[in-house]
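Colleague: I am new to this one and would like to learn how to read it. Could we go through it chain by chain?

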Amino acid sequence: MSRRLFLTTALLLCAVLQTACAIQPWVKPYEREHLADPIMKFSRDSLSEKHFEHVRDVREGARGATGVQGGGCGCN
Amino acid sequence: MTQALPIFSKPRRQFVARCAASLALPLVANAAFGALAPSAAAPDFTLRSMGGPNLRLQEQRGQVVLVNFWATWCGPCRQEMPQLNKLYDKYRAAGFMLLGVNVDDNSQHASDVAQKMGLRFPVLLDSDKAVSRLYDLSTMPTTVLIDREGRVRHVHNGYLAGYEDLYDKEIRGLLK
Amino acid sequence: MCAKARAAPPVCKGAAVVVTNARTTARMNARTKANRWNWIRHAAALLGGVLAASGARAVDLPEDSAEALFHSYNGGGVNASGPALLVRKQLMDKVSLSASYYMDAVSNASIDVVTTASPYTENRSEYALGADYVYRDSKISLTTSTSREGDYTANRVGLDVTQETFGGMTSVSLGFTRGNDTIGKHGAPEFADVAAHWQYRLGVTQILTPKWVMSANAEVLADDGFLGSPYRVARVFGAAVAERTPRTRSARAVKFRVIGDLGSRDAIHADYRYFWDNWDIKAHTAELGYSRYFGEKWLADTSLRFYRQDHALFYSDNATAETTYISRNRQLSTFSSVGLGAKLAYNLRTVPGKYALKLNGAYEYTNFKFSDFTDIRTGEAYATQANLFQVYLTATF
């Protein structure tokens, strides 16, 4: 019963993702003017961010998931 | 305790077959090329140029045309500009035309930057992105080389140092 | 994108791995280790599928830059300040190398120190090296760093792989960091211990519209070894006792962020992070920020940050029972903080396409309120404020 459930779910996932493949990227490379602005970056000044992160790591019990870069100009 | 299935068991084969079938259709559907299939006629367009007058692509027939899509917010585009200037000066007398199509929202800002960079070739303004959509651009910058009969011969996506030598070779090939 | 996936159906490969894993999981005995590796395997299968389907575009290599920073933190009796430097240079259009130096001169007269020991000063130096390699749509980053102070040395090595997919709209990233620490104790040369750290990261950045972008990040953190402080004392039945911290810690964190362009040369950002671990700490972090350009030369940012956490299982302000583990580390107590920050950047000189030199200043005021940590000098719940200040020069060329 559980093997069948897994196979069905996996097949369904395949089908859904194939449909998703039919979706074209809706923000074209020539429409990324606003995204290329530094104000839209997740992390602007690395040393400054490093200091903030260090202070928070020391003063608080929570750590991690501070993020990775993406978005931006997308050029080349 | 359930036994592990042998690798080519019927359920596994069926599963893989169904997956492959569900993939085949979109694969075939996506096989068609975009607007820039090699040796297809370059889609015609008319755009306002920086100087004022409109410029139409079809009127350039008889000349080798390089259309470069660029934007002020795109780093590699700005790096490419001096190289394009050089190419324009080198081949314009031999029947070569270079059109810089700018896709900034703010055309005034684009004109200012173009003037500051000292661009000698015509800069066309595509702020409503109609021509970009027509040419189905997949990267910024995009460089399209069109021969004397108005057919698309080469398409370059992006710009890295050294691409200008490639453009040079291709232009010479088309000018013959 | 999908037209190029001629190899084994990428998505189905991932799905097949899920099905196979479901069968073999029942046979795995070491649950913790298996769980960690299953998570990695699934993420890797997904990434492999995504990688197989990518197009022929490339990612941006970080541009050349140099930064010089002076930082200062003053709060709760702790004063830490110092310089930091960073230099980054591209080589041959494919590799970007970076080197950084960070120094903390700490003068510690915090409530712990003042009530159980005596104030001290210490210097901490951190050196880091990094290399980024770009190939078409992928970026591979390798980083290594070493941090040294009188009684604590920490070494880290990290690897991050970022892949752009879906026409550059989605960016998927996997990262791993491994750390080794050596811990000593001033005035007690016979004390020597180690700690090891593992961090696994998964991140997705998604462009939503031409003006909105969001990201989701998840991280698994595992620590093993000496995780406390050889100087800190706990309180049991009113008496001071050396703290006993568990020698393992397993934590998870998820963070969601969104940035939007509001149209008049300004942007807004919001983030939320949830953290939970096997020490029973649950923490929420929420931040809201606004940035705006003023004229051609000024950029101002303002932000509001809320933080709250629950105490660790073995934390107690004044324990009324003997337990295996006991700690009075206020960083593990129940507390909340509110921070208000402001940043200002001034464009000193810009030659578009050539170089840009900016002068920046940042300031953050934070108010901490502890619920189950008492200030033994007054007998009341402890509360303190902190001021963080930075001034720095950034140059991109």
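Colleague: What share of the residues of chain C count as buried?

Modeller: Burial is judged by counting the C-beta atoms around a residue, and 20 or more others within 10 Å make it buried. In this predicted model, 27% of the 397 residues of chain C pass that test.

Colleague: How many helices and strands does chain C have?

Modeller: Chain C has three helices and 18 strands. To see how such a chain folds back on itself, look at how far apart in sequence the contacting residues are. Among the contacts in chain C between residues at least 6 apart, 57% join residues at least 24 apart.

Colleague: And chain B, what does that consist of?

Modeller: Five helices and seven strands make up the secondary structure of chain B. Their order along the sequence is α-β-β-β-α-β-α-β-α-β-β-α. Of its 176 residues, 35% are buried. For contacts in chain B with a separation of 6 or more, residues 24 or more positions apart account for 69%.

Colleague: Which residues touch the most other members of the largest nonpolar core?

Modeller: A core of this kind is a set of buried nonpolar residues joined through their C-beta atoms. The largest one here has 56 residues, and B:Ala71, B:Cys74, B:Leu99 and B:Val101 touch the most other members. Several elements of chain B supply at least two residues each, among them strand S4 (96-102), helix H2 (75-91) and helix H5 (163-175). The most comes from S3(B), which gives six residues.

Colleague: Taking one of those residues, what is B:Leu99 in contact with, apart from its neighbours within four places in sequence?

Modeller: With those neighbours set aside, the contacts of B:Leu99 are B:Val65, B:Val67, B:Phe121, B:Pro122 and B:Leu124. There is also a second, separate core of 16 residues, including C:Ile281, C:Ala283, C:Tyr307 and C:Phe314.

Colleague: How is the size of an interface often given?

Modeller: It is often expressed as the accessible area lost when the parts come together. Here we can count residues in contact instead. Between chains A and C, 40 residues of chain A are in contact with 64 residues of chain C. On the chain A side, helix H1 (2-21) and helix H2 (46-59) are the elements that give two or more residues. That side divides into 21 nonpolar, 12 polar and seven charged residues.

Colleague: How many residues does the contact between chain A and chain B take from each chain?

Modeller: That contact takes 16 residues from chain A and 24 from chain B. The chain A side consists of 11 nonpolar, two polar and three charged residues.

Conventions. Residues are numbered from 1 along each chain as its sequence is written. Chains are lettered from A and ligands numbered from 1 in the order in which they are written. This is a predicted model: local features need pLDDT of at least 70, side-chain atom pairs count only at pLDDT 80 or more; totals for chains, interfaces and linings use all residues. A nonpolar core is a set of buried Ala, Val, Leu, Ile, Met, Phe, Trp, Tyr and Cys residues joined through C-beta atoms within 7 Å. A residue is buried if 20 or more other C-beta atoms lie within 10 Å of its own, exposed if 12 or fewer, and partly exposed in between; C-beta atoms are placed from the backbone. Helices (H or I, at least four residues) and strands (E, at least two) are DSSP runs, numbered from the N terminus. Two residues are in contact if their C-beta atoms, placed from the backbone, lie within 7 Å. Ala, Val, Leu, Ile, Met, Phe, Trp, Tyr, Cys and Pro count as nonpolar, Asp, Glu, Lys and Arg as charged, and the others, Gly among them, as polar.
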